[in-house]
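Welcome! Try each task before you read its solution.

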Amino acid sequence: MTCRIRLLGPVLAVLALTPVAVPAQQGGDEGYEALLAALADAGTPAEAQTIVPLIWDVWLTAPDDAAQEVLDAAMARRSAYDFAGALKHLNILIETYPDYAEGWNQRATVLFLVGDYEGSLADVDEVLKREPRHFGALAGRAMIYFQQGRLPLAQLSVRKALTVHPFLAERAILDIPAGQEL
């Protein structure tokens, strides 16, 4: 179990001190569920931005130390623009831990970066099978559809993502300012 501590507003301080277990498939943990609920209920972009990093911390915490090493190596390769190296590590992570949603999401991201939109979309589908509230995957799917000129599908994906994270930047695909009704 991992405990995350962040300096947040008074309402979120309790959430930050809640132990966050990281199961292979997200969903059953009370601290994680509380973070998602708080994000969905965020009243301002600033409030949402205090919660989002905590959710990413959960997602980026692999199921065990061995998986974490592989994920960290993949992220380092991606940061160095060594996409082939990142993919090598992510393929290993997915083969070894197929239920870990973030392994699929990180590979979807790398595939997007190298222009393999269809491969990225396939991996996004795998992420969403494991965690349908993964706003990063939903937003990523929207960006791919947008790049492909498939605006109605992009907008549909953004609308789904906004049910989880109401202040995503990808909201601009809808051409509706933040704070206004969809």
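A salt bridge is a side-chain nitrogen of Lys or Arg within 4 Å of a carboxyl oxygen of Asp or Glu. Please keep in mind that this is a predicted model.

**Exercise 1. Decide whether the side chains of Asp 123 and Arg 107 form a salt bridge, and say what the pair links.**

Step 1. Between these two side chains, the N to O distance is 2.6 Å. The cut-off is 4 Å, so Asp 123 and Arg 107 meet in a salt bridge.

Step 2. Asp 123 belongs to helix H7 and Arg 107 to helix H6 (residues 101-113), so the pair ties together parts 16 residues apart in sequence.

Step 3. Now check the surroundings: buried means under 20% relative accessible area. Asp 123 is buried at 4%, and Arg 107 is buried at 16%.

**Exercise 2. Trace the salt-bridge network that includes Arg 133.**

Step 1. The structure holds 7 salt bridges. One of them joins the side chains of Glu 33 and Arg 133, at 2.7 Å from N to O.

Step 2. Glu 33 sits in helix H2, while Arg 133 is in the loop between H7 and helix H8 (135-147), so this pair connects parts that are 100 residues apart in sequence.

Step 3. Arg 133 also forms a salt bridge with Glu 131, with the closest N and O atoms 3.0 Å apart. Through shared partners, Glu 33, Glu 131 and Arg 133 therefore make one network.

Step 4. Compare how covered the members are: Glu 131 is buried at 1% relative accessibility, whereas Glu 33 is partly exposed at 25% and Arg 133 is partly exposed at 25%.

**Exercise 3. Find where the buried residues of helix H2 (residues 30-40) lie around its axis.**

Step 1. The buried residues are Gly 31, Tyr 32, Leu 35, Leu 36, Ala 38 and Leu 39.

Step 2. They span an arc of only 160° around the axis, which puts them on the same side of H2.

Note on methods:
Residues numbered from 1 in each chain as written. Predicted model: local features only at pLDDT ≥ 70, side-chain atom pairs only at ≥ 80, totals over all residues. Heavy atoms only, no water. Buried < 20%, exposed > 50% of the residue type's maximum accessible area, 1.4 Å probe, protein only. Helix = DSSP H or I, 4+ residues; strand = E, 2+ residues; numbered from the N terminus. Arc of directions from axis to C-beta.
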